[in-house]
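This report walks through a structure from its overall make-up down to single residues. Have the sequence and the model ready as you read.

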There are 2 protein chains.
Amino acid sequence: MTHAVTRAPPLPRLTSARAELTREVHVVDEHGEHGLVSIPAERDLTVYVDRRELVTLMTLGAQPELLVLGYLLNQRLIESAADVESITVDWEVGAAAVKTHAGIDRIEERTAKKVVTTGCGQGSVFGELMAGIDRLELPATRLRQSQLYALVNAIRLQESTYKSAGSVHGCALFTLGEGDDDAHMQCFVEDVGRHNAIDTIAGWIAMQPAGRLEGGRAFYTTGRLTSEMVIKSAQMGVAIVVSRSGITQMGHEVATRVGLCAIGRATNRRFVCYAGVERLSLQPELASR
Amino acid sequence: MTHAVTRAPPLPRLTSARAELTREVHVVDEHGEHGLVSIPAERDLTVYVDRRELVTLMTLGAQPELLVLGYLLNQRLIESAADVESITVDWEVGAAAVKTHAGIDRIEERTAKKVVTTGCGQGSVFGELMAGIDRLELPATRLRQSQLYALVNAIRLQESTYKSAGSVHGCALFTLGEGDDDAHMQCFVEDVGRHNAIDTIAGWIAMQPAGRLEGGRAFYTTGRLTSEMVIKSAQMGVAIVVSRSGITQMGHEVATRVGLCAIGRATNRRFVCYAGVERLSLQPELASR
């Protein structure tokens with residue numbers, strides 16, 4: 001049996017620019033002893049859209065093409081990855097050249113409003129971020145306490161720049177299955193700014209073929225649950241957000257408003273559910289095992 | 001004996017807008033138990049300069065007038081506090097009205113360039129931040145290991161929103177005396193974004209009468225030592241920066257370039273000096289006490 005196939009619009013062509021993620025620096029410790037420690041790399045990447053300078057991002061540099069794609073999506077400057085023909089990153093000159101199929105409508109106007117967000121903030125969240133969050137419809141995802149524990153454990157086991165060099169934020173996207181412990185890490189990203197990490201995940205999602213990410217999704221971040229993190233999760237269609245850290249008032253307000261399940265202070269078997277507890281299947285008997 | 005006194009230019013008039021710093025929210029924990037926890041407040045403050053909208057800051061709201069003053073200083077939109085006639089904050093409408101004596105020259109041009117900085121980034125660090133750092137001359141401040149320990153201990157004892165609600169960054173300014181443990185906390189500020197905390201300290205410094213802050217200064221932050229934190233410290237004439245956290249590559253580069261002493265991982269008696277060790281009087285015998 002064959003199916004009629006609707007041809008998916010072509011995904012953008014991306015380079016695979018790579019760079020060192022850590023560097024060693026000379027230090028002196030409290031015993032007066034000299035040594036070398038690793039610190040995370042941090043480089044500037046100036047984004048040009050159709051030859052026009054848009055913004056300079058400071059980044060660790062692990063997946064710059066996905067970062068730029070996710071940035072454009074999360075800033076709502078493009079509607080989908082298919083709007084982009086190619087993203088070419090060249091670390092020699094610290095530039096990302098984005099070529100779109102049809103330009104970005106009203107780009108000047110839409111990048112004019114500045115909001116300095118909280119925390120590892122996107123910084124200039126060009127205006128429209130809060131607009132339209134009431135129109136967002138989140139999927140009916142639910143999370144079992146056992147899946148939450150599986151998720152937190154997967155993060156604990158993940159090799160990371162954080163473990164070797166500290167001073168970076170990590171984010172991960174999980175898919176949730178039917179089984180008790182079914183929480184599968186699909187993508188793990190670190191960056192010097194957690195807004196970059198979540199943007200990179202948005203770029204990664206946008207590059208997946210249709211059907212690749214079926215089922216429920218959950219998002220993990222090492223950083224605080226700020227309004228920006230909550231809005232971006234909702235924009236990515238993720239209704240469950242888990243953090244090792246806490247939540248801010250705006251993060252709490254937005255999560256409550258869009259019906260997102262926000263879980264913080266998640267380490268080992270402990271956690272606090274700040275909002276959307278109706279999405280969480282509690283299994284208190286697991287808490288003290 | 002009398003001295004001829006040069007009359008200092010008048011300082012700006014500031015309101016003293018206050019707001020609740022925490023709020024309680026309903027949560028459910030891993031045992032399925034319901035309860036209330038405090039989370040930090042977070043509110044938006046739109047800054048108008050001479051009736052013209054400049055930026056919206058997301059802030060805890062403890063000292064909004066000093067935040068706005070420090071923001072204008074650190075963005076180098078004003079040269080000194082005396083450029084400002086008054087700052088009026090009204091939380092009812094979430095607005096800070098800044099009145100200057102003579103306007104801000106070329107404000108449109110100077111706020112046009114966007115850089116999204118790392119970490120709890122200033123966000124839109126309107127362009128000129130990196131410009132002119134090579135012209136900065138830092139004072140010859142030195143820090144003894146015993147003073148570093150006194151500083152870290154003062155932070156440990158400080159009452160804070162962080163202790164009650166988490167999810168905020170803290171900053172403090174210390175002056176250093178002649179004695180072995182002479183490190184005196186002058187100002188302690190918390191905010192949902194650490195860029196706000198350091199801006200508020202810059203505002204506080206600018207409001208002190210001449211001679212009030214004689215001697216060496218050191219700056220403490222709970223956040224990472226990013227390039228932005230290092231540059232802002234240097235701009236405030238502070239040559240010693242201490243963090244509980246680590247350092248990023250750009251932070252390290254800027255600290256090295258301007259000759260600033262950058263100390264991280266400072267908890268109890270441990271620390272790592274990343275740059276400017278020549279400013280640190282090591283006393284390794286104190287490390288293991």
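## Chain A in outline

A residue is buried if 20 or more other C-beta atoms lie within 10 Å of its own, exposed if 12 or fewer, and partly exposed in between; the C-beta atoms are placed from the backbone. Of the 289 residues of chain A, 49% count as buried. The model is predicted: local features need pLDDT of at least 70, side-chain atom pairs count only at pLDDT 80 or more, and totals for chains, interfaces and linings use all residues. Residues are numbered from 1 along each chain as its sequence is written, while chains are lettered from A and ligands numbered from 1 in the order in which they are written.

Chain A has 7 helices and 16 strands. Helices (H or I, at least four residues) and strands (E, at least two) are DSSP runs, numbered from the N terminus. Two residues are in contact if their C-beta atoms, placed from the backbone, lie within 7 Å. Among the contacts in chain A with a separation of 6 or more, 58% come from residues 24 or more positions apart.

## Two domains

Chain A is divided into domain 1 (13-130) and domain 2 (143-286). These bounds come from an automatic or database domain assignment. Taken over C-alpha atoms, the centres of domain 1 and domain 2 of chain A are separated by 21 Å.

In chain A, 29 residues of domain 1 are in contact with 30 residues of domain 2. On the domain 1 side, β3 (34-40), β5 (52-59) and α1 (64-74) of chain A each supply at least two residues. The largest share of that side, 7 residues, comes from α1(A). By class, the domain 1 side has 16 nonpolar, 12 polar and 1 charged residues. Here Ala, Val, Leu, Ile, Met, Phe, Trp, Tyr, Cys and Pro count as nonpolar, Asp, Glu, Lys and Arg as charged, and the others, Gly among them, as polar.

## Strands that pair

Two strands pair if DSSP finds at least two bridges between them. Strand β4 (residues 43-49) of chain A runs antiparallel to β5(A), joined by 7 bridges. A:Val47 has A:Val55 in β5(A) as its bridge partner. The hairpin of β4(A) and β5(A) has 2 residues between the strands, and A:Asp50 takes a positive phi near 50° there. β5(A) is mostly covered, with 6 of its 8 residues buried.

β4(A) also pairs with strand β7 (residues 95-100) of chain A, in the parallel sense, over 4 bridges. Strand β6 (residues 84-90) of chain A is antiparallel to β7(A), with 6 bridges. A:Val84 stands opposite A:Thr100 in β7(A). The hairpin of β6(A) and β7(A) has 4 residues between the strands, and A:Gly94 in this hairpin takes a positive phi near 60°.

## Helices

How far apart are the end C-alpha atoms of helix α3 (residues 145-157) of chain A? They are 19 Å apart, which agrees with the 18 Å that its 13 residues should span at 1.5 Å a residue. The expected span is 1.5 Å times one less than the number of residues. Buried residues of α3(A) include A:Leu148, A:Leu151 and A:Ile155.

Now turn to chain B. In helix α1 (residues 64-74), 11 of the 11 residues are buried, so this helix is largely enclosed by the rest of the structure. Just after α1(B), B:Arg76 takes a positive phi of about 60°.
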